[in-house]
Amino acid sequence: MTNHTPRVFSGIKPSGGLTLGNYLGAIKRFVDMQAQDFETIYCVVDLHAITVWQDPKELTDATREVAAGFLASGIDPSQSILFNQSQVPAHAELAWLFNCVARVGWMNRMTQFKDKAGKNAEQSSLGLYAYPSLMAADILLYHATHVPVGEDQKQHVELTRDIAAKFNHDFKAEGFFPQPEPIIEGPATRVMNLRDGTKKMSKSGESDMERINMTDDADKIAKKFKKAKTDPEPLPETLDGLKDRPEAKNLVDIYAGLSGLTNEQVITEYAGAGWGKFKPALADLAVEKLAPISEEMSRLMNDKAEIDRILGEGADKAEAIAQPILDQAYDITGFLRSRTR
Ligand code: AMP
Ligand code: TRP
C-alpha cells in the first residue's frame, strides 16, 4: 500500500472570476504537469466556494467559467480528469471522517482562516473554519502525491500530510494515505495586488484595478499595468536590488511568469530601465499571452452544454477512482456496511 503512483490533484474555487494570480500560481503549472509523467486530476471546487456566500444564480456559471479557464489554458479532458467537486459526493464524505481526525488546535493555526475571518470570526460559517479538512479529503481521496498550488496554500497541504499521518496511525493503516507534496514552483508563486505590493492579488479584492482578470481585454490590461503602483527608482541590475521593493518585484515576477524567463533573465534584460519602458512591455506581453485565452473562454462560455458534458464525464472518471478509496477508508474506520450495490 505504500507505493503510490505519481498522481496530481489540484483545485480552484468558483468564487468570482479568475485572476492572473490563479493563472501564474496554479493553472499554468497544471498545464505543465499535464505534459509530464503524471496522472492529472483538476477540480472546480464548488463545495469550497460556498464557505462564503455565493448567489445560487451566479454559482452555476462561475463553475462553468473556471472550467472554461482550465480548458482555454490548455487542460485537455482526454489527458486530465476535469470535473466539479459537488458531482462527486465522496469528497464531502471523506471530509467528515477527517473532521473527526483533525484537531481543533490544528485548525486554529491556519493563517488563512485568521486573515479571511478577521474580526468577524464569530460570524464566519463553520465551513470556512473546517475547509482545510475538506481540502485534505479532495487530495487524499485520490491518493494524490503531488499538489501544485500557490504559496498561500502551503500550510493547507502540510495539514493534509498531518491528517493522513494521523489517520494511518490511529487506524493502524500504515501507508494507506500517502504524504502529498506541495508543488510551489515558478517565478510567480505569489502574485501581489497591483495597488499594494504587500497584499495578495485575489478575486475578491475591493477594486478591479488591483487585479488582472483572465477575461480583461487588451485596453484594460494596459491601463491596469500603467496605473500599477511602483516606486520612482528604475529597475536594478541584480535581483538583490528588488529587496524591499515589493511592487517592483511583483511586476518582474509577473513578467517572468508570463514570458517563461527566470527573474534573473528579466532583470538582466531590463537592468536600469524606467517604468515608462518596462510597464508597456509588460502590458504587451500580458495581452499576447492572455488575449487568446480570454477569447477561447468566451467562445466556450457560449456552449455551456459542452462544458457541462466535459464536467459530467470528468466526474464519472473521478468517482471511479475515488469511490473504492472511500470504501476502504470506511472499512478501515469500522463502519458496518451491508448494502449490496
Ligand atoms: P483560489 O482562487 O483561492 O481557489 O486559488 C486557486 C489556486 O490559485 C491556488 O493554488 C492558489 O494558491 C492560487 N492563487 C490564487 N491567488 C494567487 C496569487 N495571487 N498568486 C499565486 N497563486 C495564487
Ligand atoms: N483551498 C484552495 C484555495 O483556496 C483550493 C483547493 C481546494 C485546493 N481543494 C484543493 C487546492 C485541493 C489544491 C488541492 O485556493
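Arg7 sits in strand 1 (residues 7-12), where strands (E, at least two residues) and helices (H or I, at least four) are DSSP runs numbered from the N terminus. This is a predicted model, in which local features need pLDDT of at least 70 and side-chain atom pairs count only at pLDDT 80 or more, while totals for chains, interfaces and linings use all residues. Residues are numbered from 1 along each chain as its sequence is written, and side-chain values use heavy atoms, with hydrogens and water left out.

With a relative accessibility of 12%, Arg7 counts as buried; buried means under 20% relative accessible area, exposed over 50% and partly exposed in between, using a 1.4 Å probe and protein chains only. Its side chain comes to 2.6 Å from the backbone oxygen of Tyr142. That is a polar contact, meaning a pair of N or O atoms within 3.5 Å; within protein, one must be able to donate a hydrogen and the other to accept it, and residues adjacent in sequence count only if both atoms are side-chain atoms. Setting aside residues up to four places away in sequence, the residues that Arg7 touches include Phe38, Glu39, Ile41, His143 and Ile321, where contact means heavy atoms within 4.5 Å.

A polar atom of the His143 side chain lies 2.9 Å from the backbone oxygen of Phe176. Beyond its neighbours within four places in sequence, His143 contacts His4, Arg7, Phe176, Phe177, Pro178 and Ile325.

Now for the helix pairs. Two packed helices are described by the angle between their axes and the distance between the axes. Here axes are lines fitted to C-alpha atoms, for helices over the stretch in contact, and angles run from 0 to 180 degrees between N-to-C directions.

Helix 3 (residues 56-73) packs against helix 12 (residues 275-301) with axes 9 Å apart and an angle of about 130 degrees. The two are therefore oblique to each other; angles under 35 degrees count as roughly parallel, over 145 as roughly antiparallel, 65 to 115 as roughly perpendicular and the rest as oblique. Their crossing is right-handed, meaning that the near helix is turned clockwise from the far one by less than a right angle, whereas anticlockwise is left-handed. Among the residues making the contact are Arg64, Glu65 and Ala68 of helix 3 and Ile293, Met297 and Leu300 of helix 12. By class, the contact residues divide into 7 nonpolar, 2 polar and 4 charged; Ala, Val, Leu, Ile, Met, Phe, Trp, Tyr, Cys and Pro count as nonpolar, Asp, Glu, Lys and Arg as charged, and the others, Gly among them, as polar.

Helix 1 (residues 20-34) and helix 10 (residues 246-259) have axes that come within 11 Å and cross at roughly 50 degrees, which makes helix 1 oblique to helix 10. The crossing of this pair is left-handed. Leu20, Tyr23, Leu24 and Lys28 of helix 1 meet Ile254, Gly257 and Leu258 of helix 10.

| Residue | Phi | Relative accessibility |
|---|---|---|
| Lys172 | about 50 degrees | 74%, exposed |
| Asp244 | near 60 degrees | 77%, exposed |

Lys172 lies in the loop between helix 8 (154-170) and strand 5 (181-183), and Asp244 in the loop between helix 9 (218-227) and helix 10.

Terms used: Chains lettered and ligands numbered in written order.
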